[in-house]
Amino acid sequence: VEHVRELTGYDRVMVYKFHDDEHGEVVAECKRDNLEPYIGLHYPATDIPQASRFLFKQNRVRMIADCHATPVRVIQDERLMQSLCLVGSTLRAPHGCHAQYMANMGSIASLAMAVIINGGDEEGGGTSSSSSSRAGPTKLWGLVVCHHTSPRCIPFPLRYACEFLMQAFGLQLNMELQLAAQLSEKHILRTQTLLCDMLLRDTPTGIVTQSPSIMDLVKCDGAALYYQGKYWPLGVTPTEAQVKDIVEWLASCHGDSTGLSTDSLADAGYPGASALGDAVCGMAVAYITQIDFLFWFRSHTAKEIKWG
């Protein structure tokens, strides 16, 4: 953000990251000293609609020189059969709602640049010339957004340099995310191999009584094995009586399933969730047989989110 601010001269530059539920968070910021900080603020997904996100994958740099400028009507030749498409036009006026949104934030001019990474199973979009787009589906990871408190227009060569900078940033970010995913996958596979070896050499209880244990497979606060009517807990778990009650609930409500995962047992409809308190909130369960189970538990986590 510091380099982008030095390059463009805007009063504020922010990195805006999209979370899995599509809401956004300001994760980095460089600004003029007398401006209110936005870092750490969260914004609802509706602030940037899906249509706008799709357009960012086609036109990766969007500049608004003056949100108060009077829009100029485009006069179309009557002989044209279809309306003009201004998606790729730099001169396209902002929507009235967005112009008012900018004014409410005290911003007159803005520059928004898309950060694109490989998207895996997400639908690709856009006609960008970047190599990542040609290689496969892409994903809008976030935006680098610049705000200015007075009208500001930067020339095309500078906007082109910003687009190239975002492509380089997206490639670097993509490599780091892939490396983190590969390291996590290697750790899980290594742990799975050791646990399978325990199962072959020992009784199933070895996966909870020895190291590594099933807690090393999943990020959790506790885990348990319920096998042949006996209970082996690890970490923060319900009592044996409470687990037996959960087993009865699984048999009656999820008997046809091979597993269950929920962030909240209360939201999943478990009647005894309130008795578990904050110690046990989320749960994942894998069925060994119809009467034998592996459990992973997470405690209730309170988190304060500042909405912008």
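**From a loop to the core**

Reply: Let's start with Glu-22, which counts as partly exposed because its relative accessibility is 34% (buried means under 20% relative accessible area, exposed over 50%, and partly exposed in between, with a 1.4 Å probe and protein chains only). This is a predicted model, where local features need pLDDT of at least 70, side-chain atom pairs count only at pLDDT 80 or more, and totals for chains, interfaces and linings use all residues. Residues are numbered from 1 along each chain as its sequence is written, and side-chain values use heavy atoms, with hydrogens and water left out.

Glu-22 sits in the loop between strand E1 (12–18) and strand E2 (24–31). (Helices, H or I with at least four residues, and strands, E with at least two, are DSSP runs numbered from the N terminus.) Glu-22 has a phi near 75 degrees, positive although the residue isn't glycine. Most residues other than glycine have a negative phi, and most peptide bonds are trans.

Now hop along to Gln-228, in the loop between E7 and strand E8 (230–235). Its phi is positive too, near 55 degrees. Gln-228 counts as exposed because its relative accessible area is 58%.

Val-218 is partly exposed, since its relative accessibility is 32%. Although 79 residues separate Val-218 from Phe-297 in sequence, their C-alpha atoms are 9.5 Å apart in space.

What about the inside? The largest nonpolar core has 20 residues, and those touching the most other members are Leu-250, Leu-265, Met-283, Val-285, Phe-293 and Phe-295. (Such a core is a set of buried Ala, Val, Leu, Ile, Met, Phe, Trp, Tyr and Cys residues joined through side-chain atoms within 4.5 Å.) Strand E7 (222–227), helix H7 (240–253), helix H8 (273–276), strand E10 (282–287) and strand E11 (293–298) each give it two or more residues. H7 gives the most, with five.

Zoom in on Val-285: leaving out neighbours within four places in sequence, it's in contact (heavy atoms within 4.5 Å) with Leu-250, Gly-259, Leu-260, Phe-293, Leu-294 and Phe-295. Apart from this core lies another, of 19 residues, including Val-15, Met-63, Ile-117 and Cys-146.
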